[in-house]
Structure formats: C-alpha cells, structure tokens
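Dear colleague,

My notes on selected residues and their contacts follow it.

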Amino acid sequence: MATPLFETSIKSLPLLGRGKVRDIYAVDDDKLLIVTSDRLSAFDVILPDPIPDKGKVLVALANFWFERLGHIIPNQLTGIDPETVVAADEREQVRGRALVVKRLKPLPIEAVVRGYVIGSGWKDYQATGAICGIPLPAGMQESAELEAPIFTPATKAETGHDENITFARMVEIVGRETAETLRERSLDVFRRGRDYARQRGIIIADTKFEFGRCDDGQLILIDEVLTPDSSRFWPADRYAVGTSPPSFDKQFVRDWLSATDWDKNSPPPELPDDVVAKTRAKYIEAYERLTGQTFPW
C-alpha cells in the first residue's frame, strides 16, 4: 500500500488553491495541473485521515469515463503527461494521480442527477413530497428507483455545505439556454453511465457533474465524472427498496460518522484503521468492477 498523499508540495508551478480533495496549479495561461490527493471529504468537511491510493483510483476511473464518453461530450483533458510539467523531484507527487487540463471558467452549479430516492433527496421527499421542487408520486420508499432520472441542481460551495436549488433558480443564475443544455447533457451522460454500470453489477443511484466554459462559449465536462466521490454506487445484488443499500463509495464513511456523536460542524473525529482500510477496498472494488481491470498500484 502506498503512503497516502494528504497535500502536495510542488514548487515548480504556482499553487492556485486547494479544494476539498484536489490541489490546483497553473501550468500556463491555458492549462492547469490538478492533483487528486487522498483527502476525504464527508458532509462537506475534510476529514483528518487520508484514504491510501484514493486519489489514484479517482483519476484512473475519471480517465476511464472521460474516454468512454468523449464522443458524447467534450471534456477538460489535454493529453499532456503531468510528469512533464513538474520538476524531476516532484514527479512522484503527480504520478498516477494528476491531470493536465484546459483552463476553463467553471459554472457555479453542480449538475446533480438522481435515479433513486436516497440521501438528501429522500429527506426532501419525506418533508415535501418532492425533490428540489420536482413533485414525485406519493408513497415512495427509501431507495426506490424513479420512473426516470431527474435533474436536481445545487450551488457549489468552496467551504461549508452545497445547497440544493430548483431548476428555476438555476435559470436565474446561468440563464435558460445554459440551464436547459446542462440538464439535457447531464441526464444523457448519467443514463449512459448507469446503463454500462448495470452490466458490471453496479447501480449508480445518483451523481453530480461539473461544467466549464471555453472562451468561445462551448460547455466542457470538467472535474471528475462518475467516480466514488461524485456518485453513489450500490452493488446490484444487494439492492432492496426500503433500505439504504451498502455502498462502494464514501457513503460507508458517512454512515460511520453518522453513528458517532459528531455534530457535523465541529472538527471531525479521526477514522479508525479498519474504516480507512475498508473504505480503500471499496474504492478499489468500484474501479475494478467498472473497468474490468485489476487495480495496478
């Protein structure tokens, strides 16, 4: 098992910022280096314990999906080897866990697609009979599959909690044409990913996409796509309506945290070694199931 990377220390490029999981550097005016650390964020808080190899799994799986969906929607990739843009003694920090991407203007929206009633959507449905203002049939149970996937956007937060919003509010933020395009493309990508994952024994219950815009106005898929950090993965053979199915993603950690007395505002507790190990195993299993390849690191 590799030593986990919590934070990079690259000096050969200007550091632009650190997100919840990724460290971002400027390569030049047109390109960024994005390094995916082993940090884990849950309930929009960075946990004190990294998950070994998590960053490498996320990058490998995102690359798999970007390649598989590249003919459907343009993405951020440049094809440049990250090891060629940093100093020789910094290559280990980016090996297998970084991307050189186009420098785009991110849209201030998370494009969330839900195929099942779970998570914050289940709580919203219990309270209102709807999810993000979209009415649903009465009497639905937790984890029930929706008749068709729904698009439920959220605002992006650099710190604190993201906020679910209605489509009408999204129109106010980005304009109707952009909002409708994002909805159409998000639902299309979700359906394609969902259908493929089902063949591999995985249910993608929900996911979130992020988009950026080129100077010419073209919308580009950025960040990550259909990974355990951006999606809720369930094993198809253990799915049952009326329960919260076991998960391949960080829901495992969320469930552990929810069983503690942590108030989700104060500093989070340290993760036990067995929770770290089981979480790592779940990320790797998701990668291996979806790609059909053995985790190589």
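Asp53 is buried in this predicted model, because its relative accessible area of 2% falls under the 20% limit. The residue sits in the loop between strand 5 (45-46) and helix 1 (54-69), and its side chain makes a polar contact of 2.6 Å with that of Arg280. Within helix 1, Asn63 is partly exposed at 27% relative accessibility.

The structure contains 21 salt bridges. One of them joins Arg18 and Asp23, with the closest N and O atoms 2.7 Å apart. Here Arg18 is partly exposed, at 35% relative accessible area, whereas Asp23 is buried, at 0%. Both residues belong to a salt-bridge network together with Glu7 and Arg39.

Arg232 and Asp206 meet at 3.0 Å, N to O. Arg232 lies in strand 16 (residues 231-235) and Asp206 in strand 14, so this pair ties together parts 26 residues apart in sequence. Arg232 and Asp206 are buried. Lys208 pairs with Asp223 at 3.3 Å between the closest N and O atoms; Lys208 is in strand 14 and Asp223 in the loop between strand 15 and strand 16, 15 residues apart. Lys208 counts as buried at 15% relative accessibility, while Asp223 is partly exposed at 21%.

On the surface, Asp29, Asp30, Asp215 and Asp216 form a patch of negative charge. Of these, Asp216 lies in the loop between strand 14 (202-213) and strand 15 (219-222) and is exposed, with a relative accessible area of 63%.

With kind regards

Technical notes
Residues numbered from 1 in each chain as written. Predicted model: local features only at pLDDT ≥ 70, side-chain atom pairs only at ≥ 80, totals over all residues. Heavy atoms only, no water. Patch = residues over 30% accessible without salt bridge, like charges linked within 9 Å, V, L, I, M, F, W, Y side chains within 5 Å. Areas by Shrake-Rupley, 256 points an atom, 1.4 Å probe, with all protein chains shown as cover. Salt bridge = Lys/Arg side-chain N within 4 Å of Asp/Glu carboxyl O. Lys, Arg positive; Asp, Glu negative; His and termini not counted. Charge placed at Lys NZ, Arg CZ, Asp CG, Glu CD. Helix = DSSP H or I, 4+ residues; strand = E, 2+ residues; numbered from the N terminus. Buried < 20%, exposed > 50% of the residue type's maximum accessible area, 1.4 Å probe, protein only. Polar contact = N/O pair within 3.5 Å; in protein donor to acceptor, adjacent residues only side chain to side chain.
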